[in-house]
Amino acid sequence: MDIFDKVAGNMGPLGQYADQGFGYYSFPKLEGDISNHMYFRGKPVLVWSLNNYLGLANHPEIRKADTAASEQFGLAAPMGARMMSGQTSYHQQLERELAAFENKEAAYLLNFGYMGMVSIIDSMLDRHDVVVYDSESHACILDGLRLHIGKRFVFPHNDLEKFESQIIHARKVADATGGGILVITEGVFGMPGDLGNLKGILQFKEKYGFRLLVDDAHGFGTMGSTGAGTSQEQNVMDEVDVYFGTFAKAMAGIGAFVASEKRIIKALTYKMRSQIYAKSLPLPMVVGSLKRLDMIRTHPELREKLWTIVTALQSGLRENGFDIGKTQSPVTPVFLKGGPVEATQVIADLRENFGIFCSVVIYPVVPKGVIMLRLIPTAAHTIEDVNITINAFAEVRKNLDAGKYASGGIPAVADKF
Ligand SMILES: Cc1ncc(COP(=O)(O)O)c(C=O)c1O
């Protein structure tokens, strides 16, 4: 078989509806300045699908800092990987400030969260080591585990009883191989919005002996008293051994970091293939991230505003009888019942007739028959946005319950690829 025929003939679970939905359900273009109000296909929409939690993406101070840094350094600098020719004092300063913010000895910048996590896992483990991880872990954790040739044990999402039985298995294997145990979970789970039970996991640490790595992509900047994340929220900052955060969400940038003991960060800087064999993070992003971190530290009102919107949205949805699952974070899922036809019509109705743009998730990410709409409240939203949205959702649910979206198939909305 020709490899081209094979690739083109199997688009995978995400690509199966590409011909029906390209440019609309997948790869939609949101235009205009990043904010609560943007444009989709020329029409204004109220946007609930950007991880711009603190509203920093278009904050005037951030825009100013980004522009000044781009003018000063251009986008090319520094040239080369950190280890070879891409080291700067700004990269080192950002690492020192992130480490201090996370109460860790040291931090290391990563060009992308996804690749960084893959490489952290790869760098920390050899074939003797054992991993125990949450079943709903993000793709970057699962893909990092693909590189791990030792044993791994998965536990059902946040199930501490099963976690303990898996850690017992892991201990036996590690004792036999002479390896160690790495537990991996998330701070905020990005789809359901619930928190990893870090405190619960850590209560087993002394008994069984392991190190804990936490991916806090959605928690960094949003959770905890100073925004230091889910480990701060659960009062376990010192007990989390390796903390990972991204700049792609609350920081409204790109890049990521890992923070831990100095000896671990030192080893990672010489072992992480995603960093050794890739160009360094551009200087404007590094200088811009220093400004973003400063904003997180000095403008707690941004986080307070975020949580005012989160509380209004989540309590309003609950009061109106919507199932928003177990979220404990800004991530707000809304669970409805229906198949792919209903899901696409619900989304089209929300966008075309109510001017509301949110993301939708269907099987295989959620069980068959479940439609998950996903809302990301931010500090850039208003209470009026919340009220408009809850009213629109109530109308759409009425239509859904009345069977209005059950026929007619998937709307013909695709752009040409
Ligand atoms: C839990 C989690 N980890 C890692 C990442 C990847 O981060 P980045 O966008 O910086 O590559 C994401 C982003 O979607 C995420 O949600």
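Trainee: Is the crossing where α15 passes α17 left-handed or right-handed?
Mentor: Right-handed. A crossing is called that if the near helix is turned clockwise from the far one by less than a right angle, and left-handed if anticlockwise. One caution: this is a predicted model, where local features need pLDDT of at least 70, side-chain atom pairs count only at pLDDT 80 or more, and totals for chains, interfaces and linings use all residues. Residues are numbered from 1 along each chain as its sequence is written.

Trainee: At what angle do the axes of α15 and α17 cross?
Mentor: Roughly 20°, and the axes come within 10 Å. The helices are therefore roughly parallel to each other, a label for angles under 35 degrees. α15 covers residues 300-319 and α17 residues 383-401.

Trainee: New topic. Which residues of α16 are buried?
Mentor: E342, A343, T344, Q345, V346, I347, L350 and R351. Buried means 20 or more other C-beta atoms within 10 Å of a residue's own, with C-beta atoms placed from the backbone; exposed means 12 or fewer, and partly exposed is in between.

Trainee: What comes just after α16?
Mentor: G355, with a positive phi of about 65°.

Trainee: And why does K337 count as exposed?
Mentor: Because K337 has 12 other C-beta atoms within 10 Å. K337 sits in strand β11, residues 332-337.

Trainee: Last one. How many residues surround the ligand?
Mentor: There are 14, and the closest are G113, Y114, A217, T246 and A248. A residue counts if its C-beta atom, placed from the backbone, lies within 6 Å. Helix α6 gives the largest share, 3 residues.

Definitions and conventions: Helices (H or I, at least four residues) and strands (E, at least two) are DSSP runs, numbered from the N terminus. Axes are lines fitted to C-alpha atoms, for helices over the stretch in contact, and angles run from 0 to 180 degrees between N-to-C directions. Angles under 35 degrees count as roughly parallel, over 145 as roughly antiparallel, 65 to 115 as roughly perpendicular and the rest as oblique.
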